[in-house]
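Please read the numbered points with the model open alongside.

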Amino acid sequence: MIFFVVFVIVHVTLVFATGALNNLNHMYAGRNDDSWVGFAFFAGSLVIMVAGWMAARPIVLRSLASLTGSVTR
């Protein structure tokens, strides 16, 4: 797990160090320019990821799991 976290930190650092807007546009917007469209998609994906992480509590997961079957303790 430590290796994975270090890999992600190094990778994100390299993406931002070598031209953040251009790299984010390539990854998120499919564009080859320095506009802020890719950054907007990146920021939106971060917001969704943090919201999902915060919502991953037993009460929320239990209610979602009960939609597909019975949930027992």
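The points below go from the overall fold to individual residues.

1. Basis of the note. The model is predicted, and local features are reported only at pLDDT of at least 70, side-chain atom pairs only at pLDDT 80 or more, while totals for chains, interfaces and linings use all residues. Residues are numbered from 1 along each chain as its sequence is written, and side-chain values use heavy atoms, with hydrogens and water left out.

2. Secondary structure. The protein chain has four helices and zero strands, giving the pattern α-α-α-α along the sequence. Helices here are DSSP runs of H or I with at least four residues, strands are runs of E with at least two, and both are numbered from the N terminus.

3. Overall dimensions. With a radius of gyration of 18 Å, well over the 11 Å given by the globule rule for 73 residues, the protein chain is more spread out than a compact globule. The radius is taken over C-alpha atoms, and the rule is 2.2 Å times the number of residues to the power 0.38. Along the principal axes, the C-alpha atoms fill a box of roughly 50 × 30 × 15 Å.

4. Of the 73 residues in the protein chain, 11% are buried; buried means under 20% relative accessible area, exposed means over 50%, and partly exposed lies in between (1.4 Å probe, protein chains only). Among contacts with a separation of 6 or more, residues 24 or more positions apart account for 3%, where a contact means heavy atoms within 4.5 Å.

5. Surface. The protein chain exposes about 6000 Å², of which carbon and sulfur atoms supply 74%. Accessible areas come from the Shrake-Rupley method with a 1.4 Å probe, and for residues only the protein chains shown count as cover.

6. Nonpolar patch. Which residues make the nonpolar surface patch of about 1200 Å²? The members are M1, F3, F4, V5, F7, V8, I9, V12, F16, W36 and F39. Helix 1 gives the most to the patch, with eight residues. F7 lies in this helix, which spans residues 2–17, and is partly exposed at a relative accessible area of 48%. M1 sits in the segment before helix 1 and is exposed, at 78%. Patches are made of residues with over 30% relative accessible area and no salt bridge; nonpolar side chains (Val, Leu, Ile, Met, Phe, Trp, Tyr) are joined within 5 Å, and like charges within 9 Å.

7. Aromatic residues. The structure holds four aromatic pairs. One of them joins W36 and F39 edge-to-face, at 5.5 Å centre to centre and with 90 degrees between the planes. The rings of F39 and F42 have their centres 6.3 Å apart and their planes at 45 degrees, so this pair is tilted. F39 and F42 are three residues apart in helix 3 (residues 37–55), and about one helical turn therefore separates them. W36 is exposed at 57%, F39 is partly exposed at 31% and F42 counts as buried at 17%. F16, Y28, W36, F39 and F42 form one aromatic cluster. Rings of Phe, Tyr and Trp (its six-membered ring) pair if their centres lie within 6.5 Å; planes under 30 degrees apart are stacked, over 60 edge-to-face and the rest tilted.

8. A buried asparagine. N25 belongs to helix 2 (residues 20–29) and counts as buried at 0% relative accessibility. Which residues does N25 contact, leaving aside its neighbours within four places in sequence? N25 is in contact with G30, R31, D33, D34, S35, V37 and G38.

9. Salt bridge. The structure holds one salt bridge, that is, a side-chain nitrogen of Lys or Arg within 4 Å of a carboxyl oxygen of Asp or Glu. R31 forms this bridge with D33, and the closest N and O atoms are 2.9 Å apart. Both partners are partly exposed: R31 has a relative accessible area of 36%, and D33 has 26%.

10. The segment after helix 4. R73 is located in the segment after helix 4 (58–65) and is exposed, with a relative accessible area of 91%. R73 and R62 are 11 residues apart in sequence and 9.6 Å apart in space, C-alpha to C-alpha.
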